[in-house]
Amino acid sequence: MKVIDKRSLAEILEDYISELTLEELESLIEIPPPEFNYTYAFPCFKLSKFQKKAPNLIAQELKDKIKIPEFIESLTVDGPYLNFIINSKTILQNIFELKNDYGRSREISGNPNKLRIVIEYPSPNTNKPLHFGHVRNMVLGKSLSNLLEYKKHDVFQVNLNNNRGIHICKSMLAYKKWGHNKKPDKKSDHFVGDYYVLYGEKAKDNDDLDKEAHELLKLWEKGDQDTRDLWNKMNKWAIEGFKITYNKFGIKFHEEYFESELYLKGKKKIFEGLKKGLFEETEDGAIIARLKGKYNLEDKILIRSDGTSIYITQDIYLAYKKKEDFNYDRSIYIVGDPQIQHFKWLFAILDMLGFKEDNYHLSYGMISLPSGKMKSREGIVVDADDVIEEVENLAHKEVNKRYPELDNEEKKKRAEIIGLAAVIFYLLKYNPVKGFVFKPDESISFEGETGPYIQYCYARIVSIISKSEKKITKDINWDLLSHEKEKFLIKQLVYFPEIIDASEKTYNIHLIPQYLLNLCQAFNSFYTFCQVISDNKDLEKARLLLIHCVQIVIKTGLNILGIETLDKM
RNA sequence: GGACCUAUAGCCUAGCCUGGAUAGGGCGUCGGACUUCUAAUCCGAAAGUCGCAGGUUCGAAUCCUGCUAGGUCCGCCA
């Protein structure tokens with residue numbers, strides 16, 4: 001097995017180019033535009049600076065000098081570019097042998113840079129059900145966890161339940177007043193959320209309600225038994241409901257943290273910092289971090305003048321707690337972009353405290369509605385469970401259209417897998433920094449650049465393989481894979497490991513869906529032009545190996561995204 | 001007032017970190033392809049001042065500066 005990627009090419013070039021390091025060479029190697037047949041290209045412009053020669057000339061000279069190893073089929077010069085074609089045999093044999101490991105060709109016997117990584121998400125409030133923004137958060141967190149695990153890091157997924165505060169008391173108050181001690185007659189987090197919305201409605205023409213909610217918060221803080229009982233009951237409902245939704249996405253946590261257990265902690269760290277002179281006390285007794293100079297941030301209050309802690313105090317505590325619990329090398333927070341400033345503050349303050357850990361805020365853009373922002377207090381939200389259900393129903397109709405004779409259980413199973421794929425893929429295919437408008441009727445589709453498109457591709461492959469009588473082997477006549485569509489498809493397969501690599505290094509999950517689209521477009525195009533099952537047995541064997549390799553890569557890619565494949569759809 | 005993010009065909013979007021070959025896709029529109037391995041597919045066409053203006057460079061969607069528009073944040077809220 002010879003690992004094929006940019007680095008393997010850079011290693012060849014290294015022997016002939018003294019002016020650039022291996023890393024520089026690797027970063028210069030590029031993937032040519034699709035209309036070229038070449039797998040990789042090396043532009044010689046940079047070298048012409050050093051050598052004071054025309055890049056075209058340098059390219060030609062390099063070509064003449066380089067002894068090409070077996071895994072390179074051809075090396076040609078096109079103007080200032082040195083163009084490589086990797087031979088199909090090496091690629092397909094690699095995939096065939098490595099199977100699911102192909103995407104981590106360099107880490108098969110372990111990742112030498114293995115890290116312990118804590119990922120915190122989706123950290124919901126326990127007074128209302130999860131909305132579509134949480135789904136974006138969940139699929140980002142889950143897929144990133146999958147990706148880092150795939151790359152053989154130790155990943156610890158943790159969740160911070162924001163289970164206390166005035167917003168929690170609002171739904172409690174509404175339930176207390178108008179709930180008649182009812183038990184949930186629907187998914188229990190939705191049941192809780194209804195009282196949050198009810199509170200919002202009632203508060204519109206009743207100013208006293210806010211006062212009552214604050215009184216309830218005070219009772220809660222005092223530990224009033226009735227209030228605590230109610231709080232426990234409603235939190236349990238909310239969290240039980242969330243769990244059902246987490247399960248949908250295969251999300252399980254190594255640890256669940258609760259704001260109610262953390263919010264008073266962290267003061268100790270602040271006072272230690274104060275003693276060391278890291279923080280200051282204001283005239284009225286609050287503690288403040290001065291961040292204007294070194295950190296170029298606004299100053300931040302850490303402890304109120306009445307001595308109570310604020311939100312950031314618990315996050316300071318939690319950072320230490322997570323370090324203690326998991327001894328992590330890196331800690332990732334998956335939180336929406338409105339909190340960018342919060343995390344800048346948090347990381348700066350931790351830095352002041354001497355907590356020099358590798359913290360990273362993976363932020364993502366908010367999802368809004370055509371009518372504007374989501375407002376959960378007014379019930380103007382895209383509910384997570386509702387969207388999933390709707391998409392599954394849509395998928396059910398599609399399955400039913402194609403296979404009316406199927407028993408309903410199988411239809412339902414397929415619809416679930418397809419619907420979920422549509423949702424996950426839709427949320428992961430875009431660059432996470434971008435916010436977007438969710439249009440319930442048109443956003444989620446099964447055609448074009450979608451999860452089902454990728455799944456369909458997979459199902460087509462399974463169908464061909466099961467129809468063919470031939471055994472798939474890696475001993476084929478390699479000259480037969482010479483069709484333009486075959487070559488283009490094989491070329492896409494080469495790029496998978498480096499896509500995984502780039503995604504792991506930058507946390508740009510969307511690279512994977514984008515890659516899978518390219519791969520599947522190449523496959524579908526191949527499919528229409530090249531018949532696999534054929535009277536030409538050698539050709540059939542060759543093409544079977546090719547599509548089997550495509551199958552492996554699709555499955556590996558989809559599984560990282562948290563999407564299941566179907567053999568039939 | 002300050003900070004950060006975004007701007008690419010009618011709509012959505014990739015490419016920007018690390019400048020390099022004719023700016024890729026998808027939706028929609030128009031025209032084609034199911035007696036042949038699944039048409040949730042494919043083939044073709046029309047559609048772009050890459051927000052604007054400068055600058056750097058042999059070369060800019062990509063880097064720098066300024067501007068415009070939209071969004072977010074700047075609380076002893078969470």
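Biologist: How do the residues of the lining of the second largest pocket divide into nonpolar, polar and charged?

Modeller: Into 9 nonpolar, 6 polar and 13 charged. Here Ala, Val, Leu, Ile, Met, Phe, Trp, Tyr, Cys and Pro count as nonpolar, Asp, Glu, Lys and Arg as charged, and the others, Gly among them, as polar. So Arg7, Lys151, Asp501, Glu504 and Lys505, which lie nearest the centre of that pocket, go down as charged. One caveat: this is a predicted model, where local features need pLDDT of at least 70 and side-chain atom pairs pLDDT 80 or more, while totals for chains, interfaces and linings use all residues. Residues are numbered from 1 along each chain as written, chains are lettered from A, and side-chain values use heavy atoms, without hydrogens and water.

Biologist: Which elements give two or more residues to the lining of the second largest pocket?

Modeller: α1 (6-14), α2 (22-28) and α19 (496-506) do, and α19 gives the largest share, 6 residues. Helices are DSSP runs of H or I with at least four residues, strands are E runs of at least two, both numbered from the N terminus.

Biologist: What makes something a pocket, and what volume does the largest pocket have?

Modeller: On a 1 Å grid over the protein atoms alone, a pocket is an open set of points where a 1.4 Å probe fits, with protein on both sides within 12 Å along at least five of seven lines; lining residues have an atom within 4 Å of a point. The largest has a volume of about 1,200 Å³, and that volume is the space filled by probe spheres set on the points, joined across faces, edges and corners. Its lining has 42 residues, with Asn125, Lys128, His131, His134 and Gln339 nearest the centre. α8 gives the most, 5 residues.

Biologist: Which residues does Leu493 touch?

Modeller: Leaving out residues up to four places away in sequence, the list includes Ile91, Tyr102, Tyr515, Leu546 and Val553. Contact here means heavy atoms within 4.5 Å.
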